[in-house]
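Visitor: I would like to learn how to read a structure feature by feature. Where do we start?

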Amino acid sequence: MSTNFDAIKRRYNIIGFDPALERAIDVAVQVAATDLSVLITGESGVGKENFPRIIHDNSPRKTGKYIAVNCGAIPEGTMDSELFGHEKGAFTGAVEARKGYFEVADGGTIFLDEVADLPLATQVRLLRVLENGEFIRVGSSKVQTTNVRVVAATNVNIADRIANGKFREDLYYRLSSVVIHLPALRERQEDIYPLFVKFASDFSAKYRCPALTLTDDAIEELKRYRWPGNIRQLKNVTEQLSILEKSRNIDAQTLKPYLVSPADSNLPALVRTGSDNNDAFQREILFKFIAEMQREISELKTVVNHLMTGGMPAPQRAVLKNYPLEDNELDYQITHTAVEEKGAPEPHYDEPIIIEESDLSLGALNKTAIIKALERNNNNRKLAAEELKISERTLYRKIKEYNLNDK
């Protein structure tokens, strides 16, 4: 039976017609009917997270649970507990017994992203699960069984890890019954522009601004660039352009400053920092902060307009009158409800906000963005990290760097 590529792409929001990409989709659909372990390889940012869902949703296990685990985001000391569970009193803080992901996902599929980051001790436990479905909770001597389909992914060369003694060779062969390799974006040149168009349309709706277009020379510039961050980087560049550029038609000269990587020395003044390792984090947090400011200011203007003209319903005016404004911010839900009830037009951004590096330090912006994300998520660091689109490990490092543990 031939694979319906159009249906799969629409369902999982996959853009592109590259033969290597379609081959990967075809293999995922074909292997879904089996219980073979699958290893998905490819550089960071190529979209590996879509393929475990394709496999699960087209398998006999589709009615079972699907659990995705980022192995790189779990502290080494708690890895075994997260994956296999623990008994009450197994360690300090274990006030009650807890099921691990393999126990919860019984009958379903578990996706182990960044599997090469697993500690060697955990690799031994994982090998046992793959071989006979057996595991033991931390602090217990009772052997339990689970029936789980394992799909793993990695963006590193596991052969190098094996050679360096950091990854078990027998585990690699167990995981890689079938290998699906996803091509890098630079190997899919004809898919780059369609991806840009899709992202431009998404951000046009998100930020309520006209969609970006590219001149012919800008399109060629996109195709020539090597995209070390792959699709994730292209999405970030499109978002940055959508927020910061006044013109909606982008030429090559405007585009070039955005096509940089942490290793480049000609970073734009807006995002230049002293540490190359932090560039990606700094840029992402900064642009999200600017986008949030734009949205809040525009919504606030709309509400104030209604207040001044008396057009807002009395109950909403009463709520807003008693609502304290802090740091020029207005609660989005109140604003949105008020505008929606009145039937006012959606806010529109005529001019983006321009922030010079001298006006606000990147450190202050990052710190503020993290504090706000933590507040919005009741100090749940996992949810805050997801909102900021960074790993929990990065968030913990930044919390420590900015001395936010006691705040």
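Visitor: Which strands does α2 lie across, and at what angle does α2 run to β7?

Guide: A word on the source before the answer: this is a predicted model. Helix α2 lies across β1, β6 and β7. Relative to β7, α2 runs at about 155 degrees. Strand β6 covers 149–154.

Visitor: What is the strand order in the sheet, and is the pairing parallel or antiparallel?

Guide: The general idea comes first. Strands of a sheet pair through backbone hydrogen bonds, and the pairing is either parallel or antiparallel. Here five strands form an open sheet, ordered β2-β3-β6-β1-β7. The pairing is parallel.

Visitor: Which are the edge strands?

Guide: They are β2, at 66–70, and β7, at 178–181. Each of these pairs on one side only. From one strand to the next, the twist averages 20 degrees.

Visitor: How many bridges join β1 and β7?

Guide: Four bridges, in the parallel sense. Strand β1 spans residues 38–41. For a landmark in this pairing, take Val38: Val178 in β7 stands opposite.

Visitor: Now the helices. At what angle do α1 and α2 pack?

Guide: About 90 degrees, with the axes 11 Å apart. Helix α1 is residues 5–12, and helix α2 is residues 19–32. Angles of 65 to 115 degrees count as roughly perpendicular, so α1 is roughly perpendicular to α2.

Visitor: Which residues meet there?

Guide: From α1 come Phe5, Ile8 and Lys9. From α2 come Glu22, Ile25, Asp26 and Val29. Sorted by class, the α1 contact with α2 holds four nonpolar and three charged residues, with no polar ones.

Visitor: On to cysteines. How many disulfides does the count give?

Guide: In general, a disulfide is a covalent bond between the sulfur atoms of two cysteines. For this model the count is zero.

Visitor: Is Cys71 buried or exposed? And Cys209, buried or exposed?

Guide: The cut-off for buried is under 20% relative accessible area. Cys71 has 1% relative accessibility, so Cys71 counts as buried. Cys209 is also buried, because its relative accessible area is 9%.

Visitor: What does Lys142 touch, not counting residues up to four places away in sequence?

Guide: With those sequence neighbours left out, Lys142 touches Phe135 and Ile136.

Terms used
Residues numbered from 1 in each chain as written. Predicted model: local features only at pLDDT ≥ 70, side-chain atom pairs only at ≥ 80, totals over all residues. Heavy atoms only, no water. Axes fitted to C-alpha atoms, helices over the stretch in contact; angles between N-to-C directions. Helix = DSSP H or I, 4+ residues; strand = E, 2+ residues; numbered from the N terminus. Parallel < 35°, antiparallel > 145°, perpendicular 65-115°, else oblique. Contact = heavy atoms within 4.5 Å. Nonpolar A, V, L, I, M, F, W, Y, C, P; charged D, E, K, R; others polar. Pairing = 2+ DSSP bridges. Disulfide = S-S within 2.5 Å. Buried < 20%, exposed > 50% of the residue type's maximum accessible area, 1.4 Å probe, protein only.
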